[in-house]
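Here is a brief report on strand pairing and salt bridges. Please read it alongside the sequence and model.

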Amino acid sequence: MMPRQEPGEPYKRISVEEAKEMIDGGNASVIDVRQPDEWSSGHVQGAIHIPVDDISARVSELPQDGDLLFICAAGARSGLACEFAAAMGVSADRLYNIEQGTPVWIEKGLPTESN
């Protein structure tokens, strides 16, 4: 697994496959930061839904332990969510941005649910 970090970003970038490995390892939670209509059309199985604009207000709802894997549709909002979480005091070591986004996760047949 090769997480990448860009200078100045308080998080690491990972692929959907790397995310799946981390989830299977049992010490990672997925946070989906898309809008409710996007969420209901399909999301990572077991993900927590907190829209990006609510992250700062709802930072206490983030799991206290393990890695936090943020996902959106294409990696932009999830990167922003990582930055908000870091600004609210979440350790950068725990922050990951799933760069490819939910559509790629679903396309690759990884565990998905919808509601």
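Strand 2 and strand 5 (residues 67-71) pair in parallel over 5 bridges. This is a predicted model. Val-30 has Leu-69 as its bridge partner in strand 5. Strand 2 also runs parallel to strand 4 (residues 48-49), joined by 2 bridges. There, Ile-31 is partnered with Ile-48.

Strand 2 (residues 28-32) is largely enclosed by the rest of the structure, because 5 of its 5 residues are buried. Both faces are covered. Ala-28, Val-30 and Asp-32 are buried on one side, Ser-29 and Ile-31 on the other.

Now the charged pairs. The whole structure holds 10 salt bridges. Among them are these:

| Salt bridge | N to O distance |
|---|---|
| Arg-4 and Glu-99 | 2.9 Å |
| Lys-20 and Asp-24 | 2.6 Å |
| Glu-38 and Arg-77 | 2.8 Å |

Glu-38 sits in helix 2 (residues 36-40) and Arg-77 in helix 3 (residues 76-87), so their pair ties together parts 39 residues apart in sequence. Arg-77 is partly exposed, at 24% relative accessibility.

The Arg-4 and Glu-99 side chains meet in a salt bridge. That pair links distant parts of the chain, 95 residues apart. Arg-4 lies in the segment before strand 1 (12-14), and Glu-99 in the loop between strand 6 (95-98) and helix 4 (102-107). Arg-4 is partly exposed at 35% relative accessibility. Glu-99 is partly exposed at 24%.

Lys-20 and Asp-24 both lie in helix 1 (residues 16-24), 4 residues apart, about one turn of the helix. Lys-20 is partly exposed, with a relative accessible area of 22%. Asp-24 is exposed, at 53%.

Conventions: Residues are numbered from 1 along each chain as its sequence is written. This is a predicted model: local features need pLDDT of at least 70, side-chain atom pairs count only at pLDDT 80 or more; totals for chains, interfaces and linings use all residues. Side-chain values use heavy atoms; hydrogens and water are left out. Buried means under 20% relative accessible area, exposed over 50%, partly exposed in between (1.4 Å probe, protein chains only). Two strands pair if DSSP finds at least two bridges between them. A salt bridge is a side-chain nitrogen of Lys or Arg within 4 Å of a carboxyl oxygen of Asp or Glu.
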